[in-house]
Amino acid sequence: MDVLAISRWQFAIVTVYHFFFVPITLGMSISIAIMETIYVKTGNENYRKMAKFWGKLFLINFAIGVATGIVQEFQFGMNWSEYSRFMGDIFGAPLAIEALLAFYMESTFIGIWIFGWNKFSPKGHAALAWLVALGSNLSAIWILTANSFMQEPVGYALANGRAEMVDFFALIANHHLWYQFPHVFFSGITQAGFFIMGISAWHMLKKTKNIEPFKISMRFGAKAGLIGIIFVVFIGHFQGQHLTAHQPMKMAAAEALWETENPASMSLFAIPDQANLKNSFNITLPNILSFLNYNKFKGEVKGINNVQKEYEKKYGPGDYIPNVLGSYWTFRIMVGVGFLMLLIAFIVYMKTRKENFECKPFNLKIIFYSIFLPTIGISTGWIFTEIARQPWIVFGLMKTEQGISKAVSVGEALTTLIGFTVLYAILIVFTVQLWKKYAKKDMDEDYEPINPSEA
Amino acid sequence: MDLNTVWFILITVLFIGYFFLEGFDYGVGMLLPFIAKDDTERRMIINTIGPHWDGNEVWLLTAGGALFAAFPEWYATLFSGFYLPLFLMLVGLIVRAVAFEYRSKEDSLKWRYNWDRMIFLGSFLTALLWGVAIANIMRGTPIDATKTYTGGFFNLLNPYGLIGGVTFVVLFLFHGAVFLSLKIGGEFQKRIVETAQKLWLPSVIMAVIFILYTYFDVDIFSAKGLSAFVPPLLAAVSLVLSGFYLKSNKAGISFILTSLTVVFITVAVFFTLYPNVMISSTSPEYNLTIYNASASQYTLGVMTWVAGILVPFILVYQAWSYIVFKKRLTKDSELEY
């Protein structure tokens, strides 16, 4: 392997791993803030128990999310220094703003939140939870501002041998960002919903003694999951249309559509054959792809081979086709998992609307195992959006192979690739161990009422 | 003053914040396995920085982000050049962060003490490697015409670099011990003060060696003349004084003085560098400066607005977080971690 391949693998591994935890932080921070707020408004002690119980699980996640987050910020300079030189004038700013605006807020207030249960009134403590949630979710806006620039560069000019920022507000107004951020934000909400539902289902299955707060949690999770996934799917649909217009190669690869079609048919199951620039097997639904893109059964959708020719004219000779097999299937898994979650969240929501609902053990098991669905959907979504942009690191401006560090040798890159992978593998063992331990607790265990002396 | 200089100063401020705050965090982390008699005392130690370490670490993240935004070439050269040390530092920071949150979540002493070893290791590695890195940045490293570091890993482990590393470790140990003597009460505090007193002399000796070595190994007179003496001298004076105040049981003043030591050392480092940011030992022509390594004037302008608006808020709420948890911890305190 060369430095390029190793650096790409390392980026993929540390980033996808980091993003196992990020959506939980995004969604759970809001969920916990809501629980604390309901407790303040209603005085229902169950919600305080819930905030504490889910808060513990949230913190186990938060620690490893923060820890693996530092790598994210450093690795552009470490492994992608030529990228950093060429794009730093634009790309560095949102990262610095993310730290100044979001990380300080999130990290300072989470510390006060953890240690402040008995130092603040319930109202004050709920305010802290909201500040943590605000900080976390603000950070998503800024890192996605940076990522959106890589997908759809705006507000820049080529000068002094690099890309320079000429319009900061164009960066923030990037249309890509305002599809991507809500998509990510609501996938965080979905993630939290399924996390809460899954663990609550386990307790109902095991008939935990104090089941009431878990039933409330189940209902809470179903609502979060359903609201989240409806928006994810809805926004995802328009995001796809936007991508077809701005990154036609990405969406053609997502559909394994080699030749331009009008009306275009949607593929249900394809085995792309990249060497021969066609599919070796494909089942299609006529007209549907046009419908998905233009809301009517007609309309031209560009194929991979046609876009390739266009790009050769525009950017010079070269291979502009991403890995179609990977793009096609990661996209399909993402969409498939999304609709599966929509179905599950809808059914659970309908079933849990009544105050004293019951669930069959078989259904509880399904809900429990659904805990992994958001992670699968989100990870494949990210892998799709990054690999289907290739060969570009910044679309149309810089190729991935141009971005790597010249100072890093194969040996050094391999050392860190193996080092991070082994370290992360070990850490997940401990994380899961603690998650299991704390997820299995009854909410009354370890629970301290507000004034122990008066209780 | 031009925007490049403004941002050089802001980067200096971010590193001051980082070394001042995480300096005592790392010191506390390194002392943890050695000064506590039992698990309760260990928990007291960890809980002194419990609410703060995460917020303190953001100073490093922000310094990294600000470097990227304001001086992309500096960020690119430094981070790709010091590749393996940074990797080791990241490993240290990762295990340390996870350890704080996980160590008290199981009852087994073996589990807890193993995580404490990770807290020690992470704190030690990070302190050591920053010392090594800072010393090498001042001394100059092989950098070619394309602003690429060409020295490899072992080039960084020269005597001056290593002395820098050891100095940071000892200094942070002392800074951390003084911090603990301020944050812990009861009988345990007496033992901590004793430890701090023992650490004072080694840190004075290392600081003096490091400062003297700097004058012999790093060319700073030619550019700065006698003014280059001022910040290191102030650092040395504060460090010496902090020991005396510790002896007369004024831990508060002593802590202010160790903090000033860290501040002046950081100022000395950046003042020595200015207007360079990375010195090339290959040829002075290849030096990275605040001008040839910087972002565009437009980006610097945008970032100046952003920092100008946000930094005051950050200072206020971080300071407030210390006021909220200002009480000394004793055996009877409620321990979260």
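**Exercise 1.** Find which domains of chain A supply at least three residues each to the lining of the second largest pocket.

*Solution.* Start with the domains: domain 1 (3-245 + 323-439) and domain 2 (248-321) of chain A each give at least three residues, with bounds from an automatic or database domain assignment. This is a predicted model, where local features need pLDDT of at least 70 and side-chain atom pairs count only at pLDDT 80 or more, while totals for chains, interfaces and linings use all residues. Residues are numbered from 1 along each chain as its sequence is written, chains are lettered from A and ligands numbered from 1 in the order written, and side-chain values use heavy atoms, leaving out hydrogens and water.

Next, the centre: of 41 lining residues, His183(A), Gly236(A), Phe331(A), Met334(A) and Val335(A) lie nearest to it. Then look at the elements: H7(A) gives the most, 10 residues. Last, sort the lining by type: 22 nonpolar, 17 polar and 2 charged (Ala, Val, Leu, Ile, Met, Phe, Trp, Tyr, Cys and Pro are nonpolar, Asp, Glu, Lys and Arg charged, the others, Gly among them, polar).

**Exercise 2.** Decide whether Gln191(A) is buried or exposed.

*Solution.* Gln191(A) counts as buried because its relative accessibility is 2% (buried is under 20%, exposed over 50%, partly exposed in between, with a 1.4 Å probe and protein chains only). Finally, list its contacts (heavy atoms within 4.5 Å): leaving out residues up to four places away in sequence, Gln191(A) touches Pro23(A), Ile24(A), Ile371(A), Pro374(A), Thr375(A) and Ile378(A).

Key. On a 1 Å grid over the protein atoms alone, a cavity is a set of points where a 1.4 Å probe fits but cannot get out, and a pocket is an open set with protein on both sides within 12 Å along at least five of seven lines; lining residues have an atom within 4 Å of a point. Helices (H or I, at least four residues) and strands (E, at least two) are DSSP runs, numbered from the N terminus.
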